[in-house]
Amino acid sequence: MKESINLEWAAKFQTQNTTTSTQNNTQNVEWIGSKDFKTMIKFKLLPANSKENRKPGGAVITGTHWNLGPQQDQRFLCPEHTFPEKGAICPVCQLKRDLLHQGFTEEELTRPGKFGPMPLFDATITSSVKVVVIDTDLKHDWDQSHISVLQMKGDYLIKWIVQQYMSPETEDFLDWNLGATIKFSRENEKSKWNRVILPTSVEFNRWNPSSEIKEKIKAENEEFTLSELWKFPTDDQFLKIKQVCDDTRNALINTKEMQAKTVDTLTQSVTVPF
């Protein structure tokens, strides 16, 4: 039986609705401290270290509010999406709830974007997991492998990992000794990713570095706790973003009231002939 995953967390994660874009399957694979992989990558997903509560790869879901303020140059790490266990209210999420309650529509709370309308206040959801990867031309030399972070937009990445791990037909790809690897590939940057757990019966599929490198990776994994990359907002950050939200709320309400007065004036000035 597979025991390298937090079953309670996995069950809750599969049922929660973190984001409406869970099928956003065409994003590039992005890395911290490494290069981007746009059409193919093979990696070993790391088991959780002693601080990561048996979440595969130390799995982290984050939400970030971008393009805030009059210059659209501010961002805020959403506490509701990133630190739900703390029960903190996000000022940006609360602003949107308030505006919708006051009669604003979703369409009024969007702005034009490069690929279509963009919600003003929705958090961008990102999945992150720790992996071991080779990013040199030595494709199968796992002695050249190192720890990196795989990030993709939405929560589909982690949902897929959980679904695959919970399947009785899938090998335990978190087991150090089996060394099972995962491959993501696609035809081009606009295609959807094909994801597969590579069978360990084929030798070059396995993560099989020397014992020295394996122990080094294990030690680095224990030292690197993924969730520590994201810090809960400070009191000053909360105060600053609350002020931004208050200013934004007032500006939107004033604009809507002015537009309503303009419509009333135009309506009153129309003369209907009889």
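These questions and answers cover salt bridges in a predicted model. Local features need pLDDT of at least 70 and side-chain atom pairs count only at pLDDT 80 or more, while totals for chains, interfaces and linings use all residues. Residues are numbered from 1 along each chain as its sequence is written, and side-chain values use heavy atoms, with hydrogens and water left out.

Q: How many salt bridges does the structure hold?
A: A salt bridge is a side-chain nitrogen of Lys or Arg within 4 Å of a carboxyl oxygen of Asp or Glu. Side chains of opposite charge can pair when their charged atoms come close. The number of salt bridges in the structure is 11.

Q: How many residues apart in sequence are the parts that Lys 51 and Glu 228 tie together?
A: Lys 51 and Glu 228 form a salt bridge, with the closest N and O atoms 3.9 Å apart. Lys 51 lies in the loop between strand S2 (40-45) and S3, and Glu 228 in the loop between helix H5 (211-223) and helix H6 (235-269), so the pair joins parts separated in sequence by 177 residues. Here helices (H or I, at least four residues) and strands (E, at least two) are DSSP runs, numbered from the N terminus.

Q: Is Asp 155 buried or exposed?
A: Asp 155 pairs with Lys 159 in a salt bridge, the closest N and O atoms being 3.6 Å apart. Buried means under 20% relative accessible area, exposed over 50%, and partly exposed in between (1.4 Å probe, protein chains only). Asp 155 has 0% relative accessibility, so Asp 155 counts as buried.

Q: Which helix holds both Lys 216 and Glu 220?
A: The side chains of Lys 216 and Glu 220 meet in a salt bridge of 2.8 Å, N to O. These two residues are four apart, about one turn of the helix, and both lie in helix H5.
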